[in-house]
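Please read the numbered points alongside the display.

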Amino acid sequence: MSRDITQTPAWSRLRDACDRLSTTHLRELFANDPERFPLFSRQTDGLLLDFSKQRLDQEVLQHLVSLAEAADVSGWRKRLFAGDKINVSEERAVLHPALRHLADTAFPSGELDVMPEVRKVRQQMAAIVEQLRSGNWKGYTGDTIRHVVNIGIGGSDLGPKMCTRALSAFAHPGLHVHYVSNLDGAHLAPLLETLDPRTTLFIIASKTFTTQETMINAASTRNWMLAHTGSEEALAKHFIAVSAHPERAAEFGIPPAQVLPMWDWVGGRYSLWSAVGLPLAISIGMSGFERLLAGAQAMDRHFCETPLIDNLPVLLALLGIWNTNFLGANTSAIVPYNESLRHLPGYLQQLEMESNGKTVNRDGQPLTCPANPIVWGEIGANGQHAFFQLLHQGGWLVPCDFIATALSDYPLPGHQAPLLANCFAQSAALAFGKTEAEARSELEAAGLPAAQREALLPHKVFAGNQPSTTLLLPRLDPYHLGLLLALYEHKVFVQGVIWGINSFDQWGVELGKQLASRVLPVLNGDADKTTLDASTRGLIDWTQTTHG
């Protein structure tokens, strides 16, 4: 039976500490402790985690670590890396760390060693990557492939797409990688208009090879290619598959040598490190992809070997627990100050909300506390001119993760210092705000008449006390990106352990798919609509009568 973490002494102590700190402002915490930054920051391998602007003190931090101990985070961590079937609802091991295990040793153990098959797939990936990057992979007319289009959705899209954009500074100059996920034809059709079938290769990424969005898009690309080639045999030069069902890929017309396997012990949102990362490897090279794996493996080691009080994933998880379950935050914002990390908030939305967006524990019993908050975000420089007004003066508690790099991956004179200045200034402004006395002093210094000063004064006050964490990388390269992503993966795992959640299933994803399979035949005129609810029937009627 899962332990109810809310009934532990550590949880009670945290509730008391929350009451004690309820009237304490971050201004006061900093004023009382000039050593606050070194006390509340940690780093590993060039990655800095600064949580000094979180609303806690040393006592709270100790209680949070005690909470992790009460939840047996260390024991569950051992089970994860030992290959135990911790995905209890599907009776599966969770072995995505094997995908970035680069040592020539067994993993997770000599008795259960998945590395021979993992290494075999890496070799298969390396051969494909070399052929494409060297220009030796030819299309049906003998022309060199110049465009690679990944067709996938969810984990088969978000991870590689995010990383390809993030690492675009390392991309092959003669190969262009595109991603299509949306079932809406507006995603695929405009792209096809820009492509030459003679120089285009498609990667169909679907574990089941039945995912509706992916397979409809795949069928459209197949028809597009067939219209140009006029030959089924020619298609083989233009399609690769990543799937756990090679027989379905064969039915599609993809040769066995061009089907890369997936395994049931890899969840979709953790599949970036597998052959799902092929389009990324094509873009940055297999050596670059292996540097990404190396960074993630370094974070795996840090997570396994470092005491909880200094363990970055554990600390990041505990900060989220504190903000959500004790301070009462319902959302959490991801704010990168690096244009190349544009897709990171979307990637972390899936990682966190699909993993821990649940209301029952591993035993199927209702949780006794809220679990994962709503995760959202945007590039910081743009967010300042959009939603930061609400963060500063909207009255909502919205913890933020600020993410930046010391060096730009696309350096232009005069750009990076102002970018970092805005990142650091925004976190400070959220933390410390502006008091009424400070606002009045500024208005007086501006020489405004007294009546105007008093009218403006309420609009110039900023409450502050908004908690944030800042994550700094030396640069955005494959190694440090791998380090960052594995940090968040393990953060999600630790939070799931504390809440008592199975972070590795996603049954909620299935309901909408099941209902769509009932609605589609009605839309196509092949089924009776009386089994559907009144609203859905009304929507179908309007669609059919108004637009045929």
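This is a predicted model: local features need pLDDT of at least 70, side-chain atom pairs count only at pLDDT 80 or more; totals for chains, interfaces and linings use all residues.

**Note on salt bridges, burial and helices**

1. Lys434 and Glu442 join through their side chains in a salt bridge, at 2.9 Å from N to O. The term denotes a side-chain nitrogen of Lys or Arg within 4 Å of a carboxyl oxygen of Asp or Glu. Lys434 is buried, at 19% relative accessibility, whereas Glu442 is partly exposed, at 45%. Here buried means under 20% relative accessible area, exposed means over 50%, and partly exposed lies in between (1.4 Å probe, protein chains only).

2. Residues are numbered from 1 along each chain as its sequence is written, and side-chain values use heavy atoms, with hydrogens and water left out.

3. A salt bridge also forms between Glu489 and Arg100, whose closest N and O atoms are 2.9 Å apart. This pair links distant parts of the chain, 389 residues apart: Glu489 belongs to helix 21 (residues 478-499), and Arg100 to the loop between helix 5 (73-82) and helix 6 (115-134). Helices are DSSP runs of H or I with at least four residues, numbered from the N terminus. Glu489 is buried at 3% relative accessibility, and Arg100 is buried at 0%.

4. Between the side chains of Arg20 and Glu59 there is a salt bridge of 3.5 Å, N to O. Arg20 lies in helix 1 (residues 9-21) and Glu59 in helix 4 (residues 58-70), so the pair ties together parts 39 residues apart in sequence. Arg20 is partly exposed at 36% relative accessibility, as is Glu59 at 38%.

5. How many salt bridges does the rule give? The count comes to 23 salt bridges. A network of salt bridges links Arg165, Glu339, Arg342 and Glu378.

6. Helix 13 (residues 286-305) has 20 residues and spans 28 Å from its first C-alpha to its last, close to the expected 28 Å. The expected span is 1.5 Å times one less than the number of residues. Helix 13 is mostly covered, with 14 of its 20 residues buried.

7. Ala219 is found in helix 9 (residues 212-229) and is partly exposed, with a relative accessible area of 32%. Ala219 and His490 are 271 residues apart in sequence and 37 Å apart in space, C-alpha to C-alpha.

Technical notes: Helices (H or I, at least four residues) and strands (E, at least two) are DSSP runs, numbered from the N terminus.
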